[in-house]
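Thanks, everyone. Have a look at the model first.

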Amino acid sequence: MRRKVIAGNWKMNHNPVETREFFEVFKGLVKDSENEIILCVPYIDVAAALEATAGTNIKIGTQNLNHEESGALTGDISCKMLQDIGIQYTIVGHSERRQYHNETDEFVNLKMKAAFAHDIIPILCVGETLKEREAGIAKYKILTQIVLDFDGLTAEQAKNVVIAYEPIWAIGTGKTATAEDANEVCQWIRDEIKTLYGAEVAEEIIIQYGGSVKASNAKELFEMSDIDGGLVGGASLKPDEFAKIVNWR
Ligand code: PGA
């Protein structure tokens, strides 16, 4: 049985004071959870989040990284800087970064490799737009992203990637893919991983669903055979709501 991994993505929300307040409440609510819990917070909240969660079952991640170790890259934070402060996870290739920061699959692939080179697990986001779904090319789009974003990764690395299937039309819109539809896409992804890396890696890899996950739909989604948890945006901002998602069973 694969474990369930529930990750929060705070996006551009919360300051360090709000971060401490969040964890003060949240850590008690999830202390008995058997699920893996990750909160991907803004860079300015990382120090407060790491301090507030020390010694708990909550892991802290970021929402991006730069693949270079250092250099003249104004405004960026490098893979090495994140490793140096003990970050274990980072989101890579979120659709908002692909859309608003023109991140290509080639660039996403560099970030995947840089993350592994610095002992950071990437949470790789893939997904289709509504237009692509309606045109019948969702499968092609998603599997192309998988092939390009995993290019050059070893089987050992691939097995540790957390993939988040996030249909772009479901992000922040209140529209959720049906549990059956989301599961079908997660199966396509798992089959592609099998083709690329073999059955063992495909069986072990964690594939989450993301896009308007909330306390009221988490159970239905997470009970599906190929959905191994969720990447949660809006509903991860409030400790009680996110704790209900983490404690879905
Ligand atoms: P949402 O965001 O849960 O607010 O739809 C999910 C995400 O973008 O990771």
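A term before the contacts: a polar contact is a pair of N or O atoms within 3.5 Å; within protein, one must be able to donate a hydrogen and the other to accept it, and residues adjacent in sequence count only if both atoms are side-chain atoms. Now the ground rules. This is a predicted model, where local features need pLDDT of at least 70, side-chain atom pairs count only at pLDDT 80 or more, and totals for chains, interfaces and linings use all residues. Numbering runs from 1 along each chain as its sequence is written, and side-chain values use heavy atoms, with hydrogens and water left out.

One of its oxygen atoms is 2.9 Å from a polar backbone atom of G234. With H94 it is a polar side-chain atom, 2.7 Å from an oxygen of the ligand. How much of the ligand's accessible area does the protein cover? On its own the ligand has 290 Å², and the protein covers 95% of that (Shrake-Rupley method, 1.4 Å probe; for residues, only the protein chains shown count as cover).

Around the ligand are 13 residues, and K11, H94, E166, G172 and S212 come nearest (near means a heavy atom within 4 Å). That shell has four nonpolar, seven polar and two charged residues. Here Ala, Val, Leu, Ile, Met, Phe, Trp, Tyr, Cys and Pro count as nonpolar, Asp, Glu, Lys and Arg as charged, and the others, Gly among them, as polar.

Next, pockets. On a 1 Å grid over the protein atoms alone, a pocket is an open set with protein on both sides within 12 Å along at least five of seven lines, a cavity is a set where a 1.4 Å probe fits but cannot get out, and lining residues have an atom within 4 Å of a point.

The largest pocket has a volume of about 440 Å³. It is lined by 20 residues, and K11, M12, Q63, N64 and R97 are closest to its centre. The lining splits into nine nonpolar, seven polar and four charged.

Last, the largest cavity. About 50 Å³ of space lies in it. Its lining includes G93, S95, R98, C125 and E166. That lining divides into three nonpolar, four polar and two charged residues.

Methods. Points joined across faces, edges and corners; volume = space filled by probe spheres on them.
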